[in-house]
Amino acid sequence: MKNAIEVQGLRKEFKSYSSRSGLKGAFRDLFSRNYKVLHAVNDISFSVKQGEMVGYIGENGAGKSTTIKMLTGILTPSAGEVMVNGMNPHKEREAFVQTIGVVFGQRSQLWWDIAVQESFRLLKKVYKVSDEEYDRHMGHVIQTLDIGPLLDKPVRKLSLGQRMRCELAAALIHNPPLLFLDEPTIGLDVLVKLKIRDFLKEINEKYNTTILLTTHDLTDIEALCDRVVMLDEGNIIYDGALQSLKETWGEGKEVQFQFMENVEITDLEKLTRDLPVKWELEEKEQRFIAYTTDEADAVSNLIGTVISSFQIKDVKIMEVSTEEIIRKIYEKGEV
Amino acid sequence: MFYIRMLGQYMGQYLKTRLQYRSDLVVELVSDLLFQAVNLIFIIVVFGHTDFLNGWSRDEIIFIYGFFLVPFALFSSFFNIWDFNERYIVKGELDRILTRPIHSLFQIVLERMELESLFGAITGFVVMGYAGARLGLTINWYDPILFCVFVIGGALVYAGVFILIACISFWADARTSIMPMMYNIGNYGRYPVDIYNTVIRFVLTWILPFAFVGVYPAAFFLRREEWYIYSFLTPVIGVVFFTISVFVWNEGVKRYRGAGN
């Protein structure tokens, strides 16, 4: 099958100038400026198959939004090939955007002071959607997202969660085969998040819609995406299944202890010096954290040894969370 | 065809929104009319003191002023791009525009139209009627047609210049104060250009051709034959400037850098 997104050596450079300090510097800036070329996105390549749900993650400023903007035809790439839905986004912009839906979590697509259904009606005309198509498709969308009662309210009177659901519906008016979501769940409560996730899964199954999602909320990615693309300083540092990321990085177990008595971390280290353990102390709650290996008896040996010497208030055995993994990866800077 | 339909759709929506806020609408209507009335009084007071200006009679100058108001009203109803930099570039609203299948400039025209500015045209007609009656101007069968052509030409001149200025935002980050300055310069087009020195005249004709919004086309209806060439150049200059500006706009959009989140 043809790929929905095909990116080859994509790069975006921003030229920015750094100003010199002081009044003298400002005068010198007038005549010669120090230009600095920033590589927001640095020769990245990847492809996304039709019907895939891909999580696109990275820290702030890693180049996520810049990539999305190039994929949606908003920005012109400095170099490289982009093919989305078989088209070159910025060259054939008007024909191209007909085949995509975009939701920017921090920016509204809807008209601020007209009723939601008026916005929908206008967008329906903009995207040249016929009445039958609209009724068939949007009836279902409106029902699933539960926005029927909101349709006659102006957008400015909606809560963030209500608005986000309407935004999502608005992005789907022309039933695009490809959907870009830039932080769609930012600032939303759990219930709305769940509803949006379920909805995205449903349209993905029903229409085989490709979804590219950026988010800071990794639970979104865990719930929706089989594949993640991870970005750091404009480079892709990981592209693959979320599961295998967990397997390679989620090594080791974490055991947290709280003691009845006062314990020094050196005592613990001395006590467990024969075991593969590393101790850390979280000072605020006097919680001692032991990092150990995955081996079958490592955890039981550790707990056994500690219990035999100290009075224990609480023990917790943790698995390393996705967030922890991501944090580790970023600290190391590579996969 | 699609674009005309969309214009209709947006206009309908605009009126609907306006009608929703009834009290707002009334206040605006009244204030608009008041504004126009003040404008009218201003014109009469200012021109009451001049009889002749470099061969132009008082009524002729008033007529030019009245004519100017019509293309200007058309321009300000549809090309509200004076805050383009803040609204679309700095706030990044252009992102949204660029994800929709309509030409970006046309979308901004649709979004930002302010149809109540068309009231200015009424003032223009009243002023022209007053001055025309005093001058004893006659109306030929072809005058209304040429009038429309000249008005559209003049509005296109205005639009072209202001689009070009808005395009600066694509290349330069800093805010510029060129917009308000340009509004001032635009006002010079409402007075006979031969009262200015040759440099200013040249600028107002070929570089910032605001003279084509007021004095040149109006001269035709005043039957000032020495200006006829310029009068008939009005639509040409309008189309040329507008085309250039759209071309520059398209180039600028490619350079759009987006706003950070």
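A residue is called buried if 20 or more other C-beta atoms lie within 10 Å of its own. Keep that cut-off in mind as you look around this structure, which is a predicted model.

Now find B:P217, which sits in helix α11 of chain B, a helix covering residues 215-221. Is B:P217 buried or exposed? It has 31 C-beta neighbours inside 10 Å, so B:P217 counts as buried.

Who are its contacts? Skip the neighbours within four places in sequence, and B:P217 is in contact with B:F67, B:F150, B:G153, B:G154, B:F212, B:S231 and B:T234. There's also B:V149: 68 residues separate it from B:P217 in sequence, yet their C-alpha atoms are 9.6 Å apart in space.

## Two helices side by side

Staying in chain B, pick out helix α8 (residues 143-171) and helix α12 (residues 228-255). These two pack with their axes 7 Å apart, at an angle of about 25°. Angles under 35 degrees count as roughly parallel, so that's the label for α8(B) and α12(B).

Which hand does the crossing of α8(B) and α12(B) have? It's left-handed. As for what makes up the contact of α8(B) with α12(B), you'll find 21 nonpolar residues, seven polar ones and one charged.

## Over in chain A

Chain A comes in two domains: domain 1 takes in residues 3-247, and domain 2 takes in 252-319. How far apart do the C-alpha centres of domain 1 and domain 2 of chain A lie? The answer is 44 Å.

Notes. Residues numbered from 1 in each chain as written. Chains lettered and ligands numbered in written order. Predicted model: local features only at pLDDT ≥ 70, side-chain atom pairs only at ≥ 80, totals over all residues. Domains from an automatic or database assignment. Axes fitted to C-alpha atoms, helices over the stretch in contact; angles between N-to-C directions. Helix = DSSP H or I, 4+ residues; strand = E, 2+ residues; numbered from the N terminus. Parallel < 35°, antiparallel > 145°, perpendicular 65-115°, else oblique. Left-handed = near helix turned anticlockwise from the far one by under 90°. Nonpolar A, V, L, I, M, F, W, Y, C, P; charged D, E, K, R; others polar. Buried ≥ 20, exposed ≤ 12 C-beta atoms within 10 Å, placed from the backbone. Contact = placed C-beta atoms within 7 Å.
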